[in-house]
Amino acid sequence: MPKNSLARKIVHHFFGLLDRAFVLRAIRMVFGYRGAIVLMYHDIPGKEFEQQLEFLKRNFDIIPVEELVKGLEVRGSMQGKCVLTFDDGYKSFHSDIFPVIKKHSVPVTVFLIAGAIGKKFNEKNLMNWTEILELQETGLVSFGSHSLSHPHLNKLSRAQLDRELSESKKALEKKLGKKIEFFAAPYGEYSANHLNAFSKAGYRAALTVVEGDNIAGGNLLELKRITVEKLHKPTHIYFTTSGLNRFFQKPGLLKKI
Ligand SMILES: [Zn+2]
């Protein structure tokens, strides 16, 4: 075993002990974020996701996006709350992630590209309506709009933007029989002049990829999200989700552990 790999194993083992002893939770409660966090995933193997989820469950209350928005609206305390979101709606969510979601019984929201259901995006298969409806039936998965065609919002005219926002909402509502209240901007791109279009199209809240936590009083049309990928080990996730990475001068340092 290479030397650095052994050192890494020791770090992770020690970290795991602190986590199980709730030491990490206590440090986060005192020094970490004061608001709720929203995690953004795309496509991650089920095994990696479960390892991350076990850590998240020990450290956060996992709540649906509706509860987050309601909590922010009524100015409740959001510390220690965590929302799980998946963008694009890949078939792998249905086959690999949902079994983990079901096993751990946690809520999750998937943002769908309404004009590409059952098609491909990024050369990967997207879920079809049968799969989406099957997930909705379980009560654990809710859906939001991720636009009609996944465009760069900054490149659209106002009329095109309005169409992406309202047509995707209508198409999803028609098929799902539920009100679609949340929008996640493709590529996380948005600008201040889009916010008015989000609310005009009828969205109660919109999610970005600006990293940080969400506290009452912030704009519900630009909720912050933390990007998580499969390579993120619990040590790395702990620092990014707790906000403790703000105290490190060299964020690259965390990647080494
Ligand atoms: Zn996307």
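Author: Let's start with the handedness: α3 and α5 cross in a right-handed way, meaning that the near helix is turned clockwise from the far one by less than a right angle. Bear in mind that this is a predicted model, where local features need pLDDT of at least 70, side-chain atom pairs count only at pLDDT 80 or more, and totals for chains, interfaces and linings use all residues. Residue numbers run from 1 along each chain as its sequence is written.

Helix α3 covers residues 46-59 and helix α5 residues 91-104, and their axes come within 9 Å and cross at roughly 30 degrees. (Axes are lines fitted to C-alpha atoms over the stretch in contact, with angles from 0 to 180 degrees between N-to-C directions.) So α3 is roughly parallel to α5, a label for angles under 35 degrees.

Who meets whom? On the α3 side there are G46, F49, E50, L53 and K57, and they meet D96, I97, P99, V100 and H104 of α5. Contact here means C-beta atoms, placed from the backbone, within 7 Å.

Zooming out, the chain has 10 helices and 10 strands, which are DSSP runs (H or I, at least four residues, for helices; E, at least two, for strands) numbered from the N terminus. The C-alpha atoms fill a box of roughly 55 × 40 × 35 Å along the principal axes. Of contacts between residues at least 6 apart in sequence, 67% join residues at least 24 apart. V38 touches L68, V83 and I226, among others, leaving out residues up to four places away in sequence.

Technical notes. Two residues are in contact if their C-beta atoms, placed from the backbone, lie within 7 Å. Angles under 35 degrees count as roughly parallel, over 145 as roughly antiparallel, 65 to 115 as roughly perpendicular and the rest as oblique.
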